[in-house]
Structures are given as C-alpha cells and as structure tokens.
Amino acid sequence: MKQQQATDRPDTTTPRTMRSDELRRRAELLIDDFAGAASPAQSADLHEVLQELHVHQIELELQNDELQLTQKRLEESRRGYMRLYHDAPVGYVVIDTAGMIRKANKTFAGMVGDPVEAVDGTPLAGYLAAEDRSIFLARLRSFRKNPADKQLDVRLDGPGGPRFVSIRAFSGEIGSVADESPGDGLLVTVTDIHQRKLIEKEIEGRRRELDAILAGMSDGFLSLDGGLQIRYMNSAAEQVLGADRQQVIGRGLFEVFPEACASVFETEYRRVLLEKRARSFETFFAPHDRWYEVNVAPFQDGLSVFFRVISDRKKAEDAIVESEQRFRSYIANAPYGIFVSDGHGQYQQVNPAACSLTGYAESELLAMEIGEMLAPSFREAGLTHFQTVKEQGQVQREVRLRCKDGSERWFSVSAVKVNDDRYLGFIDDIDAEKQTQEELQRSRRILELNHRIATIFLTASDDDLFHDVLNLLLEAFASSIGLFGYIDDNGDLVCPTMTRHVWEKCQVEEKSIVFPHAQWGGVWGRALLERRSLLANEGLQVPAGHIELHSVLAVPIVQRDEAIGHFILANKEGGYDQEDLDLLEGVADQVAPILLAYLGRLRRRELQSELETINRQLHKNESLGRMAGAVAHNYNNMLTVILGNLEVALADLPQHDTGLKNVLGAAHDAARRLAALGTNMLIYLGQSSTARSFPPVDLVPLLEDYGRACKQNLTEEVLLTIRLPDQPVPVVSDRDLVRRLLDSLFANAVEALGSNGGSIELTLTVVSPGEIAGDHRFPVDWQPVDNPHACIRLLDTGCGISAENLERIFDPFYTQKFTGRGMGLPLVLGIVRMHGGGVTVRSVVNKGSVFKVFLPVADVRPDGGSCDGEER
C-alpha cells in the first residue's frame, strides 16, 4: 500500500527529488522483507524511521519549490541585466590577454557598425584608427595588471568615420556582468566622446587664437582675479612692465609691483571691482617716469586691464598746444582774413582782419556757416569749392561774399584741409580789381557785338537784317527765343523776327508781327512805355496759347529820349542777371543811331513804294472804271432791249408750244444773269444808280438771322461761331446789299476750307478810326471818316492767300479757284465803296485769313465807346 502510494506520487522535476523517491522505495522494500523476521520492537523502530523519512521528504519538496521560485526570479533578473548590458549607452567589451574580444554588447557593435556575433573573436585594436592601435597595444599590459583608474582616449573607426572614444578598464567580476567566468579576461567600457573632443578642440583653438591676439597686441593686457592676483599677462605687458609672466602668474599684482600699492592704479582697480563698471584713466607713474593710459573692465569675478604707454603722445599734445598758441598768434596778426571751419562749414575761429573785411563782429562770424557768407547768386558754386577742398585737400578760387552792410564783394580765397574736421581759408579783398576786369571784359564784349551788328546792318538784306542781329544776340546771351523790332510811323512795335523765332511756337490765332501801341503790356510793354530796361526771372504769366516764359530781358532802344526799337530775350537757362542787363543796354546804346538811320532809309523807300503802288492802283482803277462803266451801261442798255423782246415773245407764244417756250425762257434767264453781272460791275465801280439814302439798318439782328441760316446749310466739317454785341449797331445801308456782301465773304471762306473743313468765326464790333489797321487796306485811297465804324470780321482757318496775290484779290474776274468766277470779292469792295467804308485783309498760307469790313455807324452813342462782342 505504501509502495502503491509512493508510486502514485507525481514525479519531481529535479534530479535531487528523483533520487529521494528511489531511496524511499528501496527502504520500504527492505522493511517489508525484514518485517517477517524482525521482532515487533524492531518493526516499530523501522516504521518510525520510515515515518521520519516521509517527513523529511515533504520538507525537501518544500525546499525544492522555494529553490525553483528563487531560480526563476534570478533568471528574470539576469535577463534584465543583460538588456541593460546590451542597451547601455556605453559599449562593454570583454577581452582576453591577447586583446581579442570574447564578448561585446550591442552598443559597441553599433559603434563599429557590425553585428554582435561578428564582433566576438576579433581583436579590439582592429577597430581602432591605424595611428592609435600601437598606443592601445602598448597600454594593454598596464590595463591587465592594474585596471583601476586606467583610461585611454583613442579614435574608433565607425560607419561615419573615425570618432573619439574613451576606453576604461572595469575592476569588478567579469562573470557577474557578461555571463562569463572570471578567468583571465578584462572588461572595458568604450564611451563616445567625439562631440566633447570637438568642443574641446574648438575651445582650445579659440584659446590659442585669443592667446595669439593678446600676444600680438601692442597694448599691455592683464587678467586679475577678485583678489587682484595675476591670472594672465601678455607679452606686451611683460615688455612694458619688465616682468617674466611665468614667474608672476598666480601672485598678487601689488606683491609683484609694490611701488604701485596705494596708487591711482589700486584705487581705480578696486573701484571697478566694487561698482562692476568699466573705467578709463590716464596717469603719470613716477617710478617708471612714464604716462599710462589704462582701461579697466570687470571680467569673470575679476578684472581685465588694457594699458599703453602714452608718454610720446603727451609730449606731442604739449607740442600741439604750443603750436596752437603760435598759430593763433599768427592768425590774430595776419594782414589778410583767416577763417577756420569744421567739416560742416561752421566757423571755429576768425581773425580781426576777417572781421574788418566783412564788417561782421567775431561773435557773429562764429555763429555762421560758409553758406551764409556766400552771396545768394554764388552760393551753389561756393559750396562746390568747399567740397573740392574736402576731396582734393586745397583750392584757390575767386568767390563773392555778402558783407554785413548788404553789399556783395569779390574776394580771392585760398583754402587747405588740415584734417577731416579742420579747414583753413585765407581771403583778400579783390572787389575793385574784379570790377575793373569785369568792366573791361564787358566793354570788349560790347565792342565785339557792336562791330558784328554794324557789319550786319551794312551787309545784310532787309529781309535778313533783323533776323541776323537777333540770332547774334540769342547766341551771345544763351537765350532760346527773342524779338528784335522797331517803332513804325504809327507808334506801333513791328517785330520782323517774330515769324522765324516765335511764329510756329505760338498757338494764338491772328498772330501779327505788329503790336499796336494800345496793346503794349507785360514786361516788354512796360519797358517800352517807361523807356527803361526790365529783367524778370519768375512770376511771368502769359495768355493761353502763347509761348511759356521762364525768364525775360527787355531793353528798349532809345534815341533822343524816344523809343525807336526794342530788344527782347527770353528763356535763358538759369535766368538773367544784372551783368546780362548791363551788356544788352550797352548794345542798345550803340545800335540806337545805326537803327535810326536805317529806319529813315526804310521809311523813305516804303513811302516811295507806297506812292508808286497807289498811283498804279489809281491809274488802273481810273482806266478800268471808265472802260468798265461804259461797257456796263451799253451792255445793260442792250440787255434791256433783249429782255423786253424776249418777254413779248414769251407772252405771244401759244400755250401748247412748250418747246419754243423753254428755249425762250432759257434765253430770258441768261439775259437776266447778264444784266445782274452788269449791275455788279457798276456796283464795284461805284457807278450804281442806287443812292446812299438808305434807312439805318441794325446789323445785330441782320447778322444773327444770316448766321442762323448759314449754320443750317453748312456741313458737319465746318464749325461756325458768331459773336455779336448786346447793343444795336446801326449803319446806313440796304439789307440786300449787306446780305450780298456776306454771301461773297462766306462763299470765299467755305471754299478756302475745302473738303477737310475747319472753323469760321463771324464777329461784329464797333471801333474807332485809330483802331483800323493799315496793312492791306482796300480801297488803297480810303481814309476812314472821323466817327465810329462797324467792323464785320470774318475769320477762317483755310488755305490762306499768298503775299503776291493779296493785292489782286479784289480785281474783277481774278480767281485761282474756278473758271468763270471772280466777282465775289470785287462785289464786296464795290458795296463797301458805296457806303464810304473799307476792307482790310490779313492772311497766312495754310493758316487762314481774316477779312474786316468797316462801315460808318449811323447813330453814335453818347459815350463813344465800342461794343464788346460775346458769343450768342
């Protein structure tokens, strides 16, 4: 039974348990064999022994379970330590006496870039940089004998190239860490110190660089700790102080240099330590017989001290002070003006001569800059001279200064640059000499200009004379435009030069080279009226369309206190000055007698030419008048008979004879037109039977109605503008005659515009006889009566009329347009003759024409004023 129980127990899991069970079974068998032969007492003893064996077996089983649990915990702990061993940030390597790797952790394997299995059995030196292997092998024996505190820094070849590592021997039991028996192996740690080495290398390089900088400095340098002990001294400090830095570093400063104890050095150093603020000072150190400049700053709980010997500089400064005193003495006693300024032109010092020459007190000059002393007209040039001194170091110029009394005087200036903030100038008054030179130069320029102008008057043609003189003046005065004109017999200013210099640039309609005396205005007009020269460089205003003016110089040409001509120059770059005015006045004075003689000859030639023209016109008109009058009268008489007979024949024709009736009707119409032509001829000749006893006609409504009808008939390409006065303008005339006059003028204007179109302007005003211009007046012998005249003005922007054709436009049957025409404008002249009026014409080819018809006003208003036209 016991045996059965013993066999029914589960097997133990350890060899020790199995052996105990075997012994128990063998004991039970022996007891059973022995039980039959043994006495009861012996049998009882045996069973007791057997019971004790059972108890002991249970105890052993309990101990075995406890040991198994302990073993499991130890195994888990061992696996944890192995993970720490392999995953530690430090490489672990077990090497034998030959330096072969017996065991390595994963960290080391990662350092060398191989699997852990590949590392085992390889020499550790094989993973080191070639130049470090011999060092390691030489130290290996020492590592094995006494591993404690043994360390070696070498480079390990890894995947990223050589890296610095630290190899340190481990003095503990090898087996406890690497699962190895102690034997003769050696455990070492391999720590990556590459970044630390690089930082140490950089720090070392910086330290050597700083040492080199400090060593190369010409200034002495000391580094002191908080107790004023010397931590560092550069070579310059060694040389200046006469001390060996190897012997003084680590010692107290005033122990090494006791003579400096309780001096300004100690006072200032301790003050910087206390206040933690940098300080600088200069002091004379008697034991060394030297001047020192010292800069002290707090640094790392101590001081950094920079110092230099400045004895030579002090001597130089003393010499400079002495030189400055001598210099001031020289300046004060110099006979010419001396100015000392800084780099900004601010005066720092002036001598008495400078005050005397300019009239300013010393305090006034010291409050001024160079620019304030310069004359306004010379300021830009003077500041440029000062800039030249800054750049080139010296300059000699003539400048114009403004003195205290307001006068501007010329000075000779010599300036030099002492340094970047000190400039020295010497001035001498040369105003009298300069004025003499300028007067001589001005006289030479006047003589040269007058000589050239006189040559032009002697050699140039009448067409080119004024233009050539003006071109000469434009060049001499650097002007872009100008006018040169003369005063005619009517007192008006005539400017022949306008057509070449101004005509194309001026956009004003009705431009004329004649400026009536009543219209003189602006700078040039005032100069003529007041017979004095005027200059303007700003504030010039001109009417719309005129050339823009920036500067004007107007000088009248006066002879015997009477203006006979005018010089006008304009738009000089930078404007005109008094020198220009004086020069042109000198030219005008010399030109005056020459121009007066020329105008006399010109007027004599013009009068002679005008008389010849008038005689020719009168003779032609008289001859034509006699012939045309006779022809027209006889013509009309015969046409009267023809018209009468045609009318009788038409009245006697049967109603059904339409063919003959049409033929006779056409003949009758042609005869009527011929009769009208004859009437027009008589009107042109002033031999019309129509008397001048017309009732007064107000031209204002007549022209208004006529203009309204014209606007309806004109094409879109033609722009018609009508300007009429508000008050009546009565004339003694027949309405039909005025309409015929207007028809002829409008037909001529529309034909001048052509197919391109343009603008026509009809204006009615009242003018005095003195306002009627004398150019191209028709009839040539017409003189306006002494009462106001109605002025019908028609302007067109058409093709214009050439100068050679202007005298013929009122000749009967003269035309350049269509064959069979030519009675339109002659009819206008005839109608005007009938009213005792006249016509003036002004025209420019490709610009347009202006016709003005003057008719005497029937009823003059009490005030005798003229009507101002306005657009209606």
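## A loop and a sheet

Aspartate 301 is placed in the loop between S9 and S10, and the model in which we see this loop is a predicted one. Glutamine 300 lies in this loop too, between strand S9 (290-299) and strand S10 (302-309). Neither residue is a glycine, and yet phi is positive in glutamine 300 and also in aspartate 301. Glutamine 300 counts as exposed because its relative accessibility of 57% is over 50%, and aspartate 301, at 67%, likewise counts as exposed.

| Residue | Phi | Relative accessibility |
|---|---|---|
| Glutamine 300 | near 50° | 57% |
| Aspartate 301 | about 55° | 67% |

The second topic is a sheet. Five strands form an open sheet in the order S12-S11-S15-S14-S13, and their pairing is antiparallel. Strand S12 (347-350) and strand S13 (394-402) stand at the edges, where each has a single partner strand, so one side of each is left without a neighbour in the sheet. From one strand to the next, the twist averages 30°.

Within this sheet, strand S11 (residues 337-341) and strand S15 (residues 422-429) run antiparallel and are joined by five bridges, and glycine 337 stands opposite isoleucine 427 in S15. Helix H13 (residues 311-333) lies across S11, S12 and S15, and runs at about 65° to S12. Helix H18 (residues 431-459) also packs on the sheet, where it touches S13, strand S14 (408-419) and S15, and its direction makes about 120° with that of S14.

Notes
Residues are numbered from 1 along each chain as its sequence is written. This is a predicted model: local features need pLDDT of at least 70, side-chain atom pairs count only at pLDDT 80 or more; totals for chains, interfaces and linings use all residues. Side-chain values use heavy atoms; hydrogens and water are left out. Helices (H or I, at least four residues) and strands (E, at least two) are DSSP runs, numbered from the N terminus. Buried means under 20% relative accessible area, exposed over 50%, partly exposed in between (1.4 Å probe, protein chains only). Two strands pair if DSSP finds at least two bridges between them. Axes are lines fitted to C-alpha atoms, for helices over the stretch in contact, and angles run from 0 to 180 degrees between N-to-C directions. Contact means heavy atoms within 4.5 Å.
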